[in-house]
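Hi everyone, thanks for coming.

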Amino acid sequence: MPDLTPLWLTLRIAACATLLAFGFAVGFAWLTARFSFWGRDFLDAVLTLPLVMPPTVLGYYLIVVWGRNGWLGAWLHAHFGVSLMFTWQGAVLAAMVVSFPLLFKSARAAFEGVSTEYEQAARILGDNELRVFFRITLPLAARGLLAGTMLAFARAMGDFGATLMVAGNIEGKTQTAAMAVFDAVQAGDYTLANTLVAIMSVACVVILVMTNKLANRGRAGR
Amino acid sequence: MRLEVDIRKTLQSGDRRFALDAAFSSQDDLTVVFGASGSGKSLTIQAIAGLVTPEQGRIAVGGEVLFDADQGVNLPARKRGVGYLFQDYALFPHLTVRDNIGYPLKKAWPFSLLPDDQQEVTEIMESFEISHLGASYPAELSGGQKQRVALARAMIKKPSILLLDEPFSALDSMLRHRMRMELLEIRQRFGVPLVVITHDPADVEVFGDTLVVFANGRVEEVSSRKKLAVPEDEDGWRTKVCWRAQWKKENLAAQRLVPASGI
């Protein structure tokens, strides 16, 4: 039986990264979908950048910011004695950044698809802004958000470049499934490579099929 | 019920600019705000409801000041106590008819109805003859059913005034007449003043105790049934107002401000 540790680590990293990305993406998506402000297009472009940037370049930026001598990394180390470099938490950070744009774009489209008339109706019926968001906006955007979340999870599972730059490839500690496949092929261990590739492929296909179903149902429901 | 509106607001989109300068008052329980599309009538009732904030002016309903720029008063929409019927009803698509109607009563997490509120929803559904639709979703309803549900939802909190934005435009002509009568009946039953926005002269005939005519962001004319020379002459008044509304519409159509087909 091949060692499936990288797979469990991948699932843990992807789950944490998606959860974090969800919070940020929903916040920024709601802001950019509902408010018109100076620099909105620029903000959107910056938040979408990880989608088009080479993962290694992205990893380099993360090192510049979060490395032990980085802008935030130095502060983190000085105050809490913590460094994200070469840890699974660092891998979470990398996976979160690469998967964020997928969630952000889906969430923004989902929020823009919710008619503001429903929100206005809710306000007149007695809701404050927080209640409008949780009772109207969020439920009506739920399918789009879920679809974006699944895409982001799939992307987080498959990240290689950025994770390698930030967390390295330490067996049993930061080695994700994508890295384990690379190592297995390099070492000629095709049993492990085939097993991991098969599991990852099936997982990705299932996620994409479910995402498409959600998106289609969302269109039909409108 | 006295409605006082005196507001100014400017909208800018690219190089297009629209200036609203609306001032009128109505003592009647049936007020029609009449005008072509883009004349500022919808913006005005949105300001009354608290959905848009004027730059200057004052809005008061029944003596209660909802907005006063000079005094710094601007009640949020949720505290204005007005009912609002949107043009396409704005029924929440993810909630059943029953949940839509009970929506304003559910105030605390997990937003479930208390037994008293359940009873209230049941009673209002019965009075609007939509009890059988409780488990349906808005997408499954006809135009007339949607309107009844939206009215029931707007009325359940007993608003001080009910604002209706072109309430019959989505209905066919047969249903339109029936719903006009139902709306009058609702007004009687709940004793709530109505402000109806329309560009249909037929609505003026039915609801226009006070007629406010909008054009190009300004109130062009305010007519009251009570102030006419022969108030007892119901038919004469209606003919006059209807004729006037029709004339306005044709006049505006001639200026290509509204489609003539809509007359």
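Let's begin where the two chains meet: chain B puts 14 residues into the contact, and chain A puts in 14 residues as well. On the chain B side, the residues touching chain A divide into 11 nonpolar, 1 polar and 2 charged. Please keep in mind as I talk that this is a predicted model.

Now to chain A by itself. What is its secondary structure made of? The tally is 10 helices and 0 strands. As for dimensions, the C-alpha trace of chain A spans about 65 × 45 × 25 Å along its principal axes.

Take α1(A) to begin with, residues 5-34. Its axis and that of α5(A) come within 6 Å, crossing at roughly 40 degrees. That angle is why we call α1(A) and α5(A) oblique to each other. The crossing here is right-handed. Sorted by class, the contact of α1(A) with α5(A) has 25 nonpolar, 3 polar and 3 charged residues.

Moving on to α2(A), which covers residues 40-52: this helix packs against α5(A) at about 120 degrees, and the axes are 7 Å apart. Because of that angle, α2(A) counts as oblique to α5(A). How is this crossing handed, left or right? For α2(A) and α5(A) the crossing is left-handed. If you want to find the contact on screen, look for L47(A), T48(A), P50(A) and L51(A) on α2(A), facing V97(A), V98(A), F100(A), P101(A), F104(A) and K105(A) on α5(A). In terms of class, that contact comes to 8 nonpolar, 1 polar and 1 charged residues.

Then there is α3(A), residues 55-66, packing with α5(A), residues 88-112, at an angle of about 125 degrees. The axes of this pair are 11 Å apart. Once again the angle makes the pair oblique, so α3(A) and α5(A) get that label too. Their crossing is right-handed. Which residues meet here? From α3(A) we have P55(A), L58(A), G59(A), L62(A) and W66(A), and from α5(A) we have L93(A), A94(A), V97(A) and V98(A). The residues of this contact are 8 nonpolar and 1 polar, with no charged ones.

In chain A, α7(A) runs over residues 129-158, which is 30 residues, and a straight helix would reach 44 Å. The end C-alpha atoms of α7(A) are only 37 Å apart, though. What do we find along α7(A)? There is a kink of about 60 degrees, centred on A142(A).

Over in chain B, α3(B) has 13 residues, 115-127, and at 1.5 Å a residue they should span 18 Å. Its end C-alpha atoms are 19 Å apart, so the two figures agree. After α3(B) comes E129(B), with a positive phi near 55 degrees.

That's my tour, and I'm happy to take questions.

Methods: Residues are numbered from 1 along each chain as its sequence is written. Chains are lettered from A and ligands numbered from 1 in the order in which they are written. This is a predicted model: local features need pLDDT of at least 70, side-chain atom pairs count only at pLDDT 80 or more; totals for chains, interfaces and linings use all residues. Helices (H or I, at least four residues) and strands (E, at least two) are DSSP runs, numbered from the N terminus. The expected span of a helix is 1.5 Å times one less than its number of residues. The bend at a residue is the angle between axes fitted to the seven residues ending there and the seven starting there. Axes are lines fitted to C-alpha atoms, for helices over the stretch in contact, and angles run from 0 to 180 degrees between N-to-C directions. Angles under 35 degrees count as roughly parallel, over 145 as roughly antiparallel, 65 to 115 as roughly perpendicular and the rest as oblique. A crossing is left-handed if the near helix is turned anticlockwise from the far one by less than a right angle, and right-handed if clockwise. Two residues are in contact if their C-beta atoms, placed from the backbone, lie within 7 Å. Ala, Val, Leu, Ile, Met, Phe, Trp, Tyr, Cys and Pro count as nonpolar, Asp, Glu, Lys and Arg as charged, and the others, Gly among them, as polar.
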